Amino acid sequence: MQQQHRQPELVEGSLPVFVFPTELVFYADEQTSHKQVLTLYNPYEFALKFKVLCTAPNKYTVVDATGAVKPQCCVDIVIRHRDVRACHYGVYDKFRLQVSEQSQRKALGRKEVTATLRPSASQEPPSPKPQDEERRIKEQLADSEFFEQTAFQTESRPVAGGPSLLTVLLGLVCVAALMLPTLGEQESTVPVYLHLSVNKKLVAAYVLGLLTMVILRT
């Protein structure tokens, strides 16, 4: 009798979670550093669902704070610092990534990532001893409580205001150019200087196509 291969049941909190990087550093004077990316890897043979928690959810925007990772794949989680102020310099916050199987609610594993805001990359403080730095972080986060990022799961986009007046005017000019007679037409009441060559009409058609794409995206 053939025995069925069953996946061993995992104990809650025992599954290793692979995340890179393990520390996020934001710099106040570098706009590009205000957006960081966490990569969550799933080396296992089964899909995982994840949830991102944070000790200071009002300071950060997490794009897609919940989701799923296919087997042997990875997913990027975008984190933006939305409260860059001097009073937050040197303060350590913490993100927690919890993973579980698709059909289960219990967290099979978790990984914590520290985050801090610094004034400038060119003004890095002298590196303390690893033991002292670790002790300082633990003291700051000793009584930390994690909260869900439910209010900021997706990036907020400004409401589209429609195409600009210049875009509309350029579109009307292109339409008018296409309606004018082609150079060489004899039976036309339109003055000859308004007759356009085939090449000019092709340019007008091309520009009109580009403007149409712009209008549809706004």
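Predicted model: local features only at pLDDT ≥ 70, side-chain atom pairs only at ≥ 80, totals over all residues.
1. Let's start with a pair of strands. β1 and β3 (residues 35-42) run antiparallel and are joined by three bridges.

2. Four strands make up an open sheet, in the order β1-β3-β7-β5, and the pairing is antiparallel. Which strands sit at the edges? They are β1 (18-20) and β5 (60-62), each of which pairs on one side only. Going from one strand to the next, the twist averages 25 degrees.

3. The protein has 10 strands and three helices. Reading from the N terminus, the elements go β-β-β-β-β-β-β-β-β-α-β-α-α. There are 218 residues in the protein, and 33% of them count as buried. As for the contacts with a separation of 6 or more, 67% are between residues 24 or more positions apart.

4. Next, the second largest pocket, which has a volume of about 160 Å³. Two elements each give two or more residues to its lining, namely β4 (48-54) and β8 (92-101). What lines this pocket? You'll find Lys 49, Phe 50 and Lys 51, then Thr 66, then Gln 98, Val 99 and Ser 100, and finally Gln 104, Arg 105 and Ala 107. Sorted by class, the lining comes out as four polar, three charged and three nonpolar residues.

5. One of those lining residues, Lys 49, is worth a stop of its own. Lys 49 lies in strand β4.

6. Who does Lys 49 touch? Setting aside neighbours within four places in sequence, Lys 49 is in contact with Gly 67 and Ala 68, and also with Gln 98, Val 99, Ser 100, Glu 101, Gln 102 and Gln 104. Among these, Gln 98, Val 99, Ser 100 and Gln 104 also line the second largest pocket. Have a look at Val 69 too: Lys 49 and Val 69 are 20 residues apart in sequence, and their C-alpha atoms are 6.1 Å apart in space.

Definitions and conventions: Residues numbered from 1 in each chain as written. Heavy atoms only, no water. 1 Å grid on protein atoms, 1.4 Å probe; cavity = no way out; pocket = protein on both sides within 12 Å on 5 of 7 lines; lining within 4 Å. Points joined across faces, edges and corners; volume = space filled by probe spheres on them. Nonpolar A, V, L, I, M, F, W, Y, C, P; charged D, E, K, R; others polar. Pairing = 2+ DSSP bridges. Axes fitted to C-alpha atoms, helices over the stretch in contact; angles between N-to-C directions. Buried < 20%, exposed > 50% of the residue type's maximum accessible area, 1.4 Å probe, protein only. Contact = heavy atoms within 4.5 Å.
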